[in-house]
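Hi,

Here is the structure I promised to pass on. Have a look at it first, and my notes on what turned up follow below.

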Amino acid sequence: WVGLPINGFIFPVAILLAALWTYFDKGVKGSIKKIAIVAMLVVVPVTIGISMWLYDWSFDGQWYHSCTIRELVAGWNPMYSTSVRDSVDEVTRLWVEHYPRGIETIAATIVSCIGNIEAGKALNLWFVISSVFYIYIFLHDALPAVNKYLRLWIALLVAFNPVVINQMCTHYIDWSLYTLLVILGGNLYLFFEKGERRALYIVLLLLFFIPAIKLNIFFWIILWGGICFLFLLRRSRYKSPYRLTAICAVVALLGVGVGAYNPYLTNLKEHNTPFYPLAGEEKVDIMEDNTLPSMRGKSNVESVFTSLIANPDNNMTSEEEVNVFYISRNNIASSIVADTRLGGFGIFFFEAVLLSAVLFVCTGRRRMAYYWLILAGLFVSLFILPSGWWARYVAFFYLFPFVMLFYAERFGLKTRFTRRLHILILLLFSIDSSLCFCGLFRNIVHHERVDYLLDR
């Protein structure tokens, strides 16, 4: 980010700086400092080991994401050169040279240090694990009367969105839309509601980093993060609201102009649009070949509704009708794919949404205005950008039923019916998450087979 090429020293220095920051932070208690540093020293090597053990079987992960990491590790510096090595084919070169590469850059520092390209996926696990703690902290404060084990269960379900589970052990980056939005919201809460100055620094780091990940991810996190920021800013009555807003805006713009100089500004200079190759005279239509046969010819609105009610489907060769309440073998197999195109939030997501709506209505009597606005905003967001039917592009919509559940947990659940209905909904989400985790066990089987063939 400062013009230096990727090297093996960046990652250990970053770990050391994180440990020192925690150790010398006066706002953190001594016992918590020790626990945090020890946890980091345990989590980092364990997650790196898991990442190296679980191979990336995804299409894009093995393709241009991995190629980007390899080129960065090999010495390519996008700050000074827009071209990768001649050994990269033209199709791959298009996406490596002209797509943002924030996640890949950090992954490359890990790979450069460890010497194994799979190790870079550990970054995904660190963010996901962090999101669990941020969610639990929020629930601990917002739902003090709820059993701590129930809070932990909910935190795990919220953090482990099926999109996140299916991508966190790959080089895909769409999981970061959801996970980083949760982390950003958690730090905004800690800063405005708890007065933790450290949280503001993390917010600023995220605002600088996020533009370099992917354009649509930047758009959605800035949109929803900005809404959270303004709401909490108004509620907290911060002393210098305009100054704080200006600082955040400047940092985000620096993220675009400096952190993501290549590709946004280089694309603008070379192709007259920062969004190349998705826009411009030589734009590439990536959705034509990624649309299921059963979805072709449908409007965006019809596609969104179809995907919301459908069971997971990723079969690009079949035109079979969409399944809603009938579960086929294809639906189960598609549930553990990194880029599931239809019904990407899980087999029972639609049923869980319907039951959450029933619970929301049954417990709703007061203070519902904000919740209705959030629900409306999440739903409308599906239609703002193209491809709102593809869960990986709108991963934040997974929060839709949890907004209704949060209201019920906060103001309702006073009858046996509502409490049992609440548990049933959580069980449905648990089944979906567990099914996605089964994909990791399939990965282990593939790992053993690949190692067996390599040994031979």
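Asn-272 is exposed, with a relative accessibility of 64% (exposed means over 50% relative accessible area, buried under 20%, and partly exposed in between, using a 1.4 Å probe and protein chains only). You'll find Asn-272 in the loop between helix 13 and helix 14, just after helix 13 ends. Its phi is near 65°, a positive value in a residue other than glycine. (Helices here are DSSP runs of H or I with at least four residues, strands are runs of E with at least two, and both are numbered from the N terminus.)

Before you go further, bear in mind that this is a predicted model, in which local features need pLDDT of at least 70 and side-chain atom pairs count only at pLDDT 80 or more, while totals for chains, interfaces and linings use all residues. Residues are numbered from 1 along each chain as its sequence is written, and side-chain values use heavy atoms, with hydrogens and water left out.

Arg-237 also has a positive phi, about 55°, although it is not a glycine. Arg-237 sits in the loop between helix 11 and helix 12 and is exposed, at 74% relative accessible area.

Back in the loop between helix 13 and helix 14, look at Pro-277. Tyr-276 and Pro-277 are joined by a cis peptide bond, with omega about 10°.

Helix 13 itself covers residues 261–271, and its buried residues are Asn-262, Pro-263, Tyr-264, Thr-266 and Asn-267. What lies over them? The cover includes helix 4 (90–98), helix 11 (215–236) and helix 12. Contact, by the way, means heavy atoms within 4.5 Å.

Helix 12 (residues 241–259) also packs against helix 10 (residues 197–209): their axes come within 7 Å and cross at roughly 35°. (Axes are lines fitted to C-alpha atoms, for helices over the stretch in contact, and angles run from 0 to 180 degrees between N-to-C directions.) From helix 10, Leu-200, Leu-204, Leu-207 and Phe-208 take part, and the residues they meet in helix 12 include Leu-244, Ile-247, Cys-248 and Val-251. By class, this contact has 11 nonpolar, two polar and no charged residues. (Nonpolar covers Ala, Val, Leu, Ile, Met, Phe, Trp, Tyr, Cys and Pro; charged covers Asp, Glu, Lys and Arg; the others, Gly among them, are polar.)

Thr-22 is buried, at 11% relative accessible area. Leaving aside neighbours within four places in sequence, Thr-22 is in contact with Lys-33, Ala-36, Ile-37 and Arg-198. The C-alpha atoms of Thr-22 and Lys-34, 12 residues apart along the chain, are separated by 9.0 Å.

On a 1 Å grid over the protein atoms alone, a cavity is a set of points where a 1.4 Å probe fits but cannot get out, and a pocket is an open set with protein on both sides within 12 Å along at least five of seven lines; lining residues have an atom within 4 Å of a point. Points are joined across faces, edges and corners, and a volume is the space filled by probe spheres set on them.

The second largest pocket holds about 1500 Å³. It is lined by 39 residues, and the closest to its centre are Phe-138, Cys-228, Phe-231, Ile-374 and Phe-406. Helix 17 gives the most to that lining, with eight residues. The lining divides into 28 nonpolar, four polar and seven charged residues.

Of its 15 lining residues, Ser-307, Leu-308, Gly-344, Phe-345 and Trp-389 are the closest to its centre. Helix 14 (residues 300–309) gives the most to this lining, with three residues. Its classes are 10 nonpolar, five polar and no charged.

Last, the cysteines. How many disulfides are there? The count is zero, a disulfide being a pair of cysteine sulfur atoms within 2.5 Å. The sulfur of Cys-228 is 13 Å from the closest cysteine sulfur, in Cys-248, too far for a bond; Cys-228 is partly exposed, at 32%. For Cys-436 the closest cysteine sulfur is in Cys-438, 8.8 Å away, which is also too far for a bond. Cys-436 is buried, with a relative accessible area of 3%.

Cheers
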